Amino acid sequence: MRKPDLVRLSLTLMLVLGLSAAAPALSEAQEPKEGALAPFGGKPQAIPGTIEFENFDEGAEGVAFHDIEAANDPKRIEYRQTAVDVEVTPDKKIILIGHIKAGEWMKYSVDVAKSGAYEIELGVSVQGVEPPEIRIEFDGVDVSGPIRFTTTTQRWYLFTQILGPTVNLEDGRHVMRVVVTNSPKGSSLNLDYIRFVAKREPTKKS
């Protein structure tokens, strides 16, 4: 049999068997992975605006969040199916994330409307002598530095709004990650919301 005939025969067999000479099989590293990240509620959360901490992205442990203790806490509510400790205050008015430990984190898909400087406001409830601490990342880059909290209340369910740092953000889609970097023994940090407000320019005196 001539060489051209062998080539045609090989191609015919490949088509019959459902193979492609131009598209080799994907390696294990190239195959689609499970556990993709998806915005909570189906769309990224807007900046400027308020982001409820309990509305972190949909996804598996290690993808959308990291929670050291996967077991459900007795105070948790059925707000969503997750290992993260989502709770509600006794008056049922505030849904929050509690029982926070150092090393835990949550991701949030966000859409920044305009590049610029944004002031951060946080709704928190903090107890204990030693301050807990978080940081805020955008696309894996630390934009906030350490945010340290001092005691705000003697009741875990009473929340206070505090002013955080001013951060510079680029417009467009991003993934924000909130990382708990320190949670000393005996301290308690409960998170309600994070708000991004376009930096206010000082009023000029006439």
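**Entry 1: Asn55**

I looked up Asn55 and placed it in the loop between strand S2 (49-52) and strand S3 (65-66). The model I am reading is a predicted one. Is Asn55 buried or exposed? I found a relative accessible area of 13% for Asn55. Asn55 is counted as buried because this value is under the cut-off of 20%. I then listed the contacts of Asn55, leaving aside its neighbours within four places in sequence. They are Phe40, Gln45, Tyr79, Arg80 and Tyr108.

**Entry 2: Aromatic pairs**

I searched the whole structure for aromatic pairs and found five. I examined the one that Phe53 and Tyr108 form. The ring centres are 6.4 Å apart and the planes stand at 75° to each other, an edge-to-face arrangement. Which parts does this pair tie together? Phe53 lies in the loop between S2 and S3 and Tyr108 lies in strand S6, so the pair links parts that are 55 residues apart in sequence. I noted that both Phe53 and Tyr108 are buried.

**Entry 3: Arginines over rings**

I next looked for arginines placed over aromatic rings. Arg177 lies over the face of Trp105, and here the distance to the ring centre is 5.0 Å.

**Entry 4: Strand S12 and its partners**

I followed strand S12, residues 172-182, to see how it pairs with strand S6, residues 105-112. How many bridges join S6 to S12? I recorded eight, with the two strands running antiparallel. Within this pairing, Asp111 has Arg173 in S12 as its bridge partner. S12 also pairs with strand S8, residues 133-138, again in the antiparallel sense, over six bridges. On that side, Glu133 stands opposite Asn182 of S12.

**Entry 5: Asn190**

I turned to Asn190, which I located in strand S13, residues 188-198. Its relative accessible area is 3%. Asn190 is therefore buried, the cut-off being under 20%. Which backbone oxygen does the side chain of Asn190 reach? I traced it to the backbone oxygen of Trp156, at 3.5 Å. Not counting residues up to four places away in sequence, I found that Asn190 touches Leu96, Ile97, Gly98 and His99, then Gly123, Val124 and Ser125, and also Trp156 and Phe159.

Note on methods:
Residues numbered from 1 in each chain as written. Predicted model: local features only at pLDDT ≥ 70, side-chain atom pairs only at ≥ 80, totals over all residues. Heavy atoms only, no water. Pairing = 2+ DSSP bridges. Helix = DSSP H or I, 4+ residues; strand = E, 2+ residues; numbered from the N terminus. Buried < 20%, exposed > 50% of the residue type's maximum accessible area, 1.4 Å probe, protein only. Contact = heavy atoms within 4.5 Å. Phe/Tyr/Trp six-rings, centres within 6.5 Å; stacked < 30°, edge-to-face > 60°. Lys NZ or Arg CZ within 6 Å of the ring centre and 35° of its normal. Polar contact = N/O pair within 3.5 Å; in protein donor to acceptor, adjacent residues only side chain to side chain.
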